[in-house]
Amino acid sequence: MNLAIKDIRHNLGRFVLTTLGISLLLMVVMGMGGIYRGLVEEATLLVDCLGADLWVVQKDTRGPFAELSHIPRKLEYRVMAVPGVKSADSFISNTIQREYRGNPLRLTIQGLSWPNDRGQTLPIYSGRIIGQAHYEMLADKSSKLKIGDKIPLGKNSYTVVGLTYHMNSPAGDSMAFLTIADAQDVQFDISGEAIRTERAARINRLQSIDLGHIQPQMADRAGGMASGIPALGTSMVSAILVHVEPGYDPAAVASKIVSCWPDVSVYSREGQRELLLRGIERNRRQLGLFRILLILVSGIIMALILYTLTLDKLHDIAMLKLMGARNTVILALIMQQAQLLGILGLITARLLGEWIFPYFPRRVVLLQGDLIQLVLIVLVVSVLASLLGIAKALRVDPGEVLS
Amino acid sequence: MNGISNSIVEASGLTKRYGSGNTEVMALREVSLNVVQGEVVALLGPSGAGKTTLLTVLGLIRPPDAGKIVIDGTVVFDGCLMVDARKYRRIHLGFVFQKANLIPFLTAAENVQLAMEINDASPHAARRRAMELLDYLGVSDRADYLPAKLSGGQQQRVAVARALANRPSLILADEPTAALDSVRGRQVMELFRNVAHEQRTGVIVVTHDHRALDVFDRALEMEDGMLRTSQSLNEEIRHKKNK
Ligand SMILES: Nc1ncnc2c1ncn2[C@@H]1O[C@H](COP(=O)(O)OP(=O)(O)OP(=O)(O)O)[C@@H](O)[C@H]1O
Ligand SMILES: [Mg+2]
């Protein structure tokens, strides 16, 4: 005869409410872990998805995610010349925040190396990949954009032709993909007024020095397009993504690139992941501490509940002792209730979480391994929580039945 | 009756005091008693005389300060406990109190079963005997009811069934019929007598009810922690029995 279950059946309402309360707490504990897993996933997603073997970035920066990195796009061709390089694609990434149909729209824009890369490696939720060199866009479905939406960015509008899923930047923003040329247009878009002001300022600067007077034709250049001025003319990207020819060692190719050009740094895919994870290390610790606090709170609440459940039964426990029940009978009664509370709370937490977490603005990833770890923690906590009640129960004098 | 040699309880020199200093109470003073197999003994006396204390001492619930207790040939107390009290209670003793003290979350049958299961009986055998006992006590139709759904008398009869479950050699009952009307009360007392006579069990019942005295074989009287055989009460018993 299982006394724990018989008692729970007798006090079902209270037990269910308690379990629900515990499960909400455990759901938050689980969610905290899930948020961290989500951060890791989002942080490393792009690196994994792009699948580049090497990341060539501006010298001594930890770009392009952890830090800004600017390198000339022409570096692509230099890198292509290195033996063992299969492909070198420009990578450009910048986050914009605009207003679209009255709602704020935040997008992290990635340039795809048209025509090699049209988005075919991305997880497509609906629609298609990019089909032409300009004015088409893939957006993540978390941006709430729809296929056919025309987003005005800079001087052009871009039509959403496909939606991806789970493509969020390390900062959690929805990603959007344009061809690299379009992405550069968006990144370096400057309003007409700003261009006019800048050109006027250039003419002014020129005329304030000798050169402006000696070489008047230079003023024409200064008042023209920026690309017409050789010193400013190169277009910049954030990084160059390198795929290595099969049979070549990426590390060897990387050291070759670095030894060739002193103006770049190179990271392997692993190195890039590590940089990104280091960026969220503090978040991990922050969330971890909150989890510990929440587990402590759950433990204390469980202990108090189990204690009051035990107090309610003190007379019955005295009677059990008087009848000669072994301590193990009494121990099992309390501890089994504690464990049921913990386990049922955990199961409910998991079910609630699976239902609720998808509505959270950022990804919450529940991993099997984390769950098993939590099961073990909850079992230990529930045993500890029952100790208070057990201590009380073991001190009860069977003679109290008579009073 | 088989005679004095078949003692169920032989106690001598039992002393019990509660508290200390100014608040010290001598609840038992050098109490000695002897109950033989199959004997049903009534224990009477004014409130505070020490009747309940004597039962808790004999039941190894609260050991005495001094004295010797032999139950069914086993020395259970001689200056100190000689046996594992809880194990001894489980196997050899049965208790009934003024209140039934049933476990509220177990049904009538389960309450009786539990007494046997904590004594290592198989659930199946325990269930069968529980039903037999409830039948014997006339409450088998309430076997699957929770105590809260039973009347006071029904609860008390379940409590008696529970006390009998492990076929104890000694039953200790403290005012078991106080909550019952006189007819029901008498039924319970008669039940004890039948069990005692059929199973050679010793029964000590604390009671205030003189009307059911004829059910008992003998009456003892307590006063201020001392026990004595009351001539007048035994006279009363003989008188009633002969009626
Ligand atoms: N736990 C206790 N602590 C201190 N004193 C106690 C305790 N239990 C009983 N006593 C005292 O011991 C004496 C005997 O008490 P006991 O309960 O044995 O009397 P009783 O004969 O059963 O009385 P009643 O007929 O009222 O039940 C009383 O004076 C009582 O106050
Ligand atoms: Mg009493």
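I began with the shell around ligand 1, which by class has 5 nonpolar, 6 polar and 3 charged residues. For the classes I count Ala, Val, Leu, Ile, Met, Phe, Trp, Tyr, Cys and Pro as nonpolar, Asp, Glu, Lys and Arg as charged, and the others, Gly among them, as polar. The model is predicted, with pLDDT of at least 70 needed for local features and 80 or more for side-chain atom pairs, while totals for chains, interfaces and linings use all residues. Residues are numbered from 1 along each chain as its sequence is written, chains are lettered from A and ligands numbered from 1 in the order in which they are written, and side-chain values use heavy atoms, with hydrogens and water left out.

**Entry 1: ligand 1**

I listed the residues near the ligand (one heavy atom within 4 Å of it). There are 14 residues around ligand 1, and B:S47, B:G48, B:K51, B:T52 and B:T53 come nearest.

I then looked up polar contacts (N or O pairs within 3.5 Å; within protein, one atom must be able to donate a hydrogen and the other to accept it, and residues adjacent in sequence count only if both atoms are side-chain atoms). B:K51 has a polar side-chain atom 2.7 Å from an oxygen atom of ligand 1. For B:T52, the distance from a polar side-chain atom to a ligand 1 oxygen is 2.6 Å. In B:T53, a side-chain N or O atom is 2.5 Å from an oxygen atom of ligand 1.

Taken alone, ligand 1 exposes 630 Å², of which the protein buries 62%. I took accessible areas from the Shrake-Rupley method with a 1.4 Å probe; for residues, only the protein chains shown count as cover.

I assigned elements as DSSP runs numbered from the N terminus: helices are H or I with at least four residues, strands E with at least two. α1(B) supplies the largest share of the ligand 1 shell, 3 residues.

**Entry 2: cavities**

I searched the whole structure and found 5 cavities of 30 Å³ or more. A cavity is a set of points, on a 1 Å grid over the protein atoms alone, where a 1.4 Å probe fits but cannot get out, and lining residues have an atom within 4 Å of a point. Grid points are joined across faces, edges and corners, and the volume is the space filled by probe spheres set on the points.

The largest cavity has a volume of about 120 Å³. Its lining includes A:M319 and A:M323 as well as B:R89, B:R90 and B:F95. I noted that α11 (314-323) of chain A and α2 (85-92), β6 (93-96) and α5 (152-164) of chain B each supply at least two lining residues. β6(B) gives the most, 3 residues.

The second largest cavity holds about 70 Å³. Among the residues lining this second cavity are A:M30, A:R291, A:R350 and A:D370. By class, its lining has 6 nonpolar, 2 polar and 3 charged residues.

**Entry 3: aromatic pairs**

I found 4 aromatic pairs over all chains. The rings of A:Y135 and A:Y158 have centres 6.1 Å apart and planes at 45°, so I logged the pair as tilted. Rings of Phe, Tyr and Trp (its six-membered ring) pair if their centres lie within 6.5 Å; planes under 30 degrees apart count as stacked, over 60 as edge-to-face and the rest as tilted.

**Entry 4: backbone**

I checked for exceptions, as most residues other than glycine have a negative phi, and most peptide bonds are trans. The A:W114 to A:P115 peptide bond is cis, with omega near 0°. A:P115 sits in the loop between β5 (103-112) and β6 of chain A. A:K144 is not a glycine, yet has a positive phi of about 70°. I placed A:K144 in the loop between β7 and β8 (150-153) of chain A.

Methods:
On a 1 Å grid over the protein atoms alone, a cavity is a set of points where a 1.4 Å probe fits but cannot get out, and a pocket is an open set with protein on both sides within 12 Å along at least five of seven lines; lining residues have an atom within 4 Å of a point.
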